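Below are some notes for a colleague who has the model open.

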Amino acid sequence: RQPSLPTVPPPRPAVPPPIQPDGLLRLALAEQVAIDGDLLASWDEDGDGSVSCADFHRSLPPLLAQWGLPRLAAMGEVIDGVFEGLGGGRVGAVPVEELRARLLSEVSDERKQKLLAEAAAASKRRARAKASLAEERQHAEGKQRAKAARAQKADAARTKRQRQATIVEEVTRPTATTRATRNLQDRPVREIEHKQPA
């Protein structure tokens, strides 16, 4: 009988290290630039063809909130670090095209294609939802117009009936002349003849 060998536990899969905030921000920004090529140009408010550190700090917080990373917006040193890493230095500026090229170099072609496909699908979904909403609104407006038309028609019919009732009432209401005529008709013919001059 052979002695049993000690059992060795299977190796654990390697756990990737957590992404640091600056890496997360840089990756999210690179992927957004891959989807929207005009994003960085929209940050250039003075139109000099470059993005300054101030532009970076002003434009990132709304995007970070949109990406579900609002806490990063408060980390000014992280934003500064990313900007420095992209060639801007502490207070310098990076040309828009250079910044775009540096960010896009961090996204693989396969990932770019996937991101663009996802963005196109999301755009189609938004367009369908918008069209559906417009159709529902148009349908609701049509119903409102039909309801208003029915109410107007009913008002017109009511007014017509009231006018007809007024006319009938005026025709059938006895006036002084019709009363006198009725009195004459009610009196015997002989009495009328007796009162006539000879």
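1. Apart from its neighbours within four places in sequence, S50 is in contact (heavy atoms within 4.5 Å) with D44, D55, A93, V94, P95 and V96. S50 belongs to strand 1, and with a relative accessible area of 11% it is buried, a word that here means under 20% relative accessible area with a 1.4 Å probe and protein chains only.

2. On provenance, this is a predicted model in which local features need pLDDT of at least 70 and side-chain atom pairs count only at pLDDT 80 or more, while totals for chains, interfaces and linings use all residues. Residues are numbered from 1 along each chain as its sequence is written, and side-chain values use heavy atoms, with hydrogens and water left out.

3. The secondary structure of the protein chain amounts to nine helices and two strands, which are DSSP runs numbered from the N terminus (helices H or I with at least four residues, strands E with at least two). Read from the N terminus, the order of elements is α-α-β-α-α-α-β-α-α-α-α. Of the 198 residues of the protein chain, 19% count as buried, and among its contacts with a separation of 6 or more, 60% are accounted for by residues 24 or more positions apart.

4. Helix 6, which spans residues 96-104, has V96, L99, R100 and L103 buried. They lie on the same side of helix 6, because they cover an arc of only 100° around the axis, taken from the directions from the helix axis to the C-beta atoms. The elements against which the buried residues of helix 6 pack are helix 1 (21-35), helix 2 (39-43), strand 1 (50-52) and strand 2 (93-95).

5. Helix 1 also packs with helix 5 (residues 76-85), at an angle of about 60° and with the axes 9 Å apart; the axes are lines fitted to C-alpha atoms over the stretch in contact, and angles run from 0 to 180 degrees between N-to-C directions. That angle makes helix 1 oblique to helix 5, oblique being what remains once under 35 degrees is called roughly parallel, over 145 roughly antiparallel and 65 to 115 roughly perpendicular. Helix 1 contributes P21, D22, L25 and R26 to the contact, and helix 5 contributes V78, I79, V82 and G85.

6. Helix 5 also holds D80, which counts as buried at 16% relative accessibility. The C-alpha atoms of D80 and H57 are separated by 8.2 Å, with the two residues 23 apart along the chain.

Methods: Buried means under 20% relative accessible area, exposed over 50%, partly exposed in between (1.4 Å probe, protein chains only).
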